[in-house]
Amino acid sequence: MKKYLFIIPILSIIFALEACAEPFQGGIEKQEFIKSNRIVDSATNQPISNAEIFIPQSNFRTTTDGNGYFTLRADMDGDMIISVQKDGYRPFTTTFLKDTNSPLKLSLVKEKPADISIECEMCHLGDDTYSSNSANSAEFKIKSIGPFYTKNFQIPKGIKDKDCYIVIGSIIGVDTELARKMGQNHANSYATPPEVFFNGVKISEIQLNGDNQKIKIPNNLIRENTENEVTIRTGHNVLKSDRFDYDDIEFMNLSFQAE
Ligand SMILES: [Ca+2]
C-alpha cells in the first residue's frame with residue numbers, strides 16, 4: 001500500500017507537467033472546461049439518466065449517464081443558458097455563469113397535468129444592434145425575431161380557480177437600470193424593462209435577468225376552453241437620441257403553470 005501512496009504524487013507531478021506542456025494554438029491557449037455535473041429528481045433526489053442537455057449559444061448537446069452525470073465540454077467563455085429536457089419532467093433551463101467553478105446539480109420537477117409548454121426554443125427579441133457591454137451580449141447567436149414575441153395557446157376547463165402563472169425559464173440581456181445596479185451589465189445607458197402581456201393586458205415588467213421567473217396571471221384574464229394570448233415585448237434604450245434602439249434580449253422555455 002505504501003508503494004502506491006508514493007506513486008500517486010509522482011503521477012500527479014507528471015500529469016501537471018503534461019498540462020503545462022499543452023501547446024498554444026495560433027497564439028490562443030486552447031481551453032476546455034470539463035465538469036462532472038448531475039441531474040436529479042427534485043422530490044426524491046434520485047439521479048435522472050438520459051436527460052438531454054442543450055446549450056443553444058454554442059450548439060452543444062449531451063445526455064446524462066446512468067447515474068445522472070453529464071460533462072460540459074464547451075468553451076464556456078460567457079454566461080450561457082443550459083436547457084434540460086426529460087420526458088415526464090418540466091422543461092428546465094438555468095443560466096450558467098462564466099465564473100461558476102463548482103459542478104452543477106440540477107433538480108428537475110415532475111410535470112403536472114395543468115402544465116402547458118408555450119415555447120421551448122430560444123427566442124431573441126430586439127434589433128440585432130447592441131453594445132458589447134450589454135448583459136450577455138457575447139452570447140447572442142440567434143437573429144432577432146423583432147421587438148416582440150406573441151403566441152396563442154389553449155387553456156382547458158377547470159383551471160380558472162387555481163393560481164396560474166406564465167413562467168419564463170431563463171432570460172438574458174435585460175439592460176434595465178436595476179440590472180445595471182445589480183452588476184448584470186456595464187452598459188453606459190439603460191433600457192426600459194421588457195413587458196409581459198396576457199390577453200392584451202400588461203401583467204408584468206421584467207427588471208432582472210435570471211431563471212424561473214414566475215408571473216402571476218390575474219384570474220379574470222384567463223379564458224377557459226379557448227385560445228389565450230401571451231406577448232413579451234422588449235424594452236428600448238432610454239438615453240440614445242440619434243436612433244430608436246430596442247434592448248436585445250434572449251429567453252428560453254416559456255410555459256403556463258397552474259397550481
Ligand atoms: Ca438593440
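**Note on the calcium site and its setting**

1. Along the chain, the donors of the calcium ion follow the spacing D-x1-T-x115-D-Y-x1-D, where a donor is an N, O or S atom within 2.8 Å of the metal (3.2 Å for Na, K and Ca), and since water is not among the atoms, sites may look incomplete. Threonine 129 sits in the loop between strand S10 (116-125) and strand S11 (148-155), and aspartate 245 in the loop between strand S16 (226-233) and strand S17 (249-258), so the pair ties together parts that are 116 residues apart in sequence.

2. This is a predicted model, in which local features need pLDDT of at least 70 and side-chain atom pairs count only at pLDDT 80 or more, while totals for chains, interfaces and linings use all residues. Residues are numbered from 1 along each chain as its sequence is written, and side-chain values use heavy atoms, with hydrogens and water left out.

3. The calcium ion is coordinated at 2.2 to 2.4 Å by Asp127 (OD), Thr129 (O), Asp245 (OD), Tyr246 (O) and Asp248 (OD). Aspartate 245 is buried, with a relative accessible area of 8%, whereas threonine 129 is partly exposed, at 32%; buried means under 20% relative accessible area, exposed over 50%, and partly exposed in between (1.4 Å probe, protein chains only).

4. Asparagine 185 lies in the loop between helix H2 (177-181) and strand S13 (195-198), and is buried at 2% relative accessibility.

5. The chain's secondary structure comes to two helices and 17 strands, taken as DSSP runs numbered from the N terminus (helices H or I, at least four residues; strands E, at least two). Of its 259 residues, 42% count as buried.
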